[in-house]
Amino acid sequence: MDHLWTPWRYTYVTTADHAKRQGVPEELSTWPGDTGCVFCNLVAAVEYAEIHGMPSEKAEKAALIVHRGDNTYVVLNRFPYTSGHVMVLPYEHEASLAALPASIAHEVMDTAQGLETVLSNTYHPDGINMGLNLGKSAGAGVAGHLHLHVLPRWTGDTNFMTVIGETRVLPEDLETTWHRVRENFLKNI
Ligand SMILES: [Zn+2]
């Protein structure tokens, strides 16, 4: 059961540029900074690329970001448990849900509502997991910056996972997921 309810207890693996700045994709590595946080780096690198003339869609694709709202954004997990595994997170670097300003916390939930529709329409799953792991002991891969995991589930996927251990066979590559989720996001939200 532990396995069933903590599918996000896996290392958040990111592509890193040569300087090993967490979360900075190679295509966005002209950004010179480093916030020390994978999720803050991701957004800063996208914004920097845009300011310097890269089309938003190209920059977001490099970062695997499917949506940017006023206070939150949605990004694919680079190490998905299932196809369509995304995360909603605030731009604000905050570890605690309680400490997050209410308006931002509400936007996280509004976005999660939208994602339920988007993932249902895109993947037709049997169910959807949504979960926050607050703190390292709770399984957070990046404990300093809270992120809500949202992932489609299919009957039997856990059994399958158990059989093959922690080696996951992914039916869909990240670029395809990015296109599909983004298109549905634009249609539905
Ligand atoms: Zn952060």
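## T122, the zinc site and the fold around them

Setting aside neighbours within four places in sequence, T122 is in contact with R180 and N184. This is a predicted model. The contact between T122 and N184 includes a polar one, with 2.7 Å between the two side chains. T122 belongs to helix 4. T122 counts as buried, because its relative accessibility is 5%, and buried here means under 20%. P152 lies 30 residues from T122 in sequence. Between their C-alpha atoms the distance is 9.8 Å.

### The overall fold

How many helices and strands does the chain have? It has six helices and five strands. Along the sequence they follow the pattern α-α-α-β-β-β-α-β-β-α-α. The chain has 189 residues, and 47% of them count as buried. Contacts reach across the sequence. Take the contacts between residues at least 6 apart: 60% of these join residues at least 24 apart.

### The zinc site

Which residues coordinate the zinc ion? They are C37, C40, H93 and H145. Along the chain, the donors follow the spacing C-x2-C-x52-H-x51-H.

What is the geometry of the site? It is tetrahedral, with angles of 104 to 117 degrees among the four donor atoms. The ideal angle for four tetrahedral donors is 109.5 degrees.

C40 lies in helix 2, residues 38-51. H145 lies in the loop between strand 4 (127-132) and strand 5 (148-153). The pair therefore ties together parts that are 105 residues apart in sequence. Both C40 and H145 are buried.

Most residues other than glycine have a negative phi. L64 and H124 have positive values. Phi of L64 is near 65 degrees. Phi of H124 is near 45 degrees.

Both sit in loops. L64 is in the loop between helix 3 (56-63) and strand 1 (65-68). H124 is in the loop between helix 4 (102-123) and strand 4.

Are these residues buried or exposed? L64 is buried, since its relative accessible area is 7%. H124 counts as exposed, because its relative accessibility is 59%.

G127 is placed in strand 4. G127 is partly exposed, with a relative accessible area of 25%. Which residues does G127 touch, leaving aside neighbours within four places in sequence? They are L151, P152 and R153. E116 is eleven residues from G127 along the chain, and their C-alpha atoms are separated by 9.5 Å.

L186 is in helix 6, residues 174-188. L186 counts as exposed, because its relative accessibility is 63%. V66 is 120 residues from L186 in sequence. In space, the two are 9.3 Å apart, C-alpha to C-alpha.

| Pair | Separation in sequence | C-alpha to C-alpha distance |
|---|---|---|
| T122 and P152 | 30 residues | 9.8 Å |
| G127 and E116 | eleven residues | 9.5 Å |
| L186 and V66 | 120 residues | 9.3 Å |

### Cavities

The structure holds two cavities of 30 Å³ or more. How much space lies in the second largest cavity? It contains about 40 Å³. Its lining includes L76, N77, P80, T82, S83, G84 and H85. E172, L174 and T177 also line this cavity.

Key
Residues are numbered from 1 along each chain as its sequence is written. This is a predicted model: local features need pLDDT of at least 70, side-chain atom pairs count only at pLDDT 80 or more; totals for chains, interfaces and linings use all residues. Side-chain values use heavy atoms; hydrogens and water are left out. Donors are N, O and S atoms within 2.8 Å of the metal (3.2 Å for Na, K and Ca); water is not among the atoms, so sites may look incomplete. Four donors count as tetrahedral if all angles lie between 85 and 135 degrees; four count as square planar and six as octahedral if opposite donors are over 155 degrees apart and all others between 65 and 115; anything else is irregular. Helices (H or I, at least four residues) and strands (E, at least two) are DSSP runs, numbered from the N terminus. Buried means under 20% relative accessible area, exposed over 50%, partly exposed in between (1.4 Å probe, protein chains only). A polar contact is a pair of N or O atoms within 3.5 Å; within protein, one must be able to donate a hydrogen and the other to accept it, and residues adjacent in sequence count only if both atoms are side-chain atoms. Contact means heavy atoms within 4.5 Å. On a 1 Å grid over the protein atoms alone, a cavity is a set of points where a 1.4 Å probe fits but cannot get out, and a pocket is an open set with protein on both sides within 12 Å along at least five of seven lines; lining residues have an atom within 4 Å of a point. Grid points are joined across faces, edges and corners, and a volume is the space filled by probe spheres set on the points.
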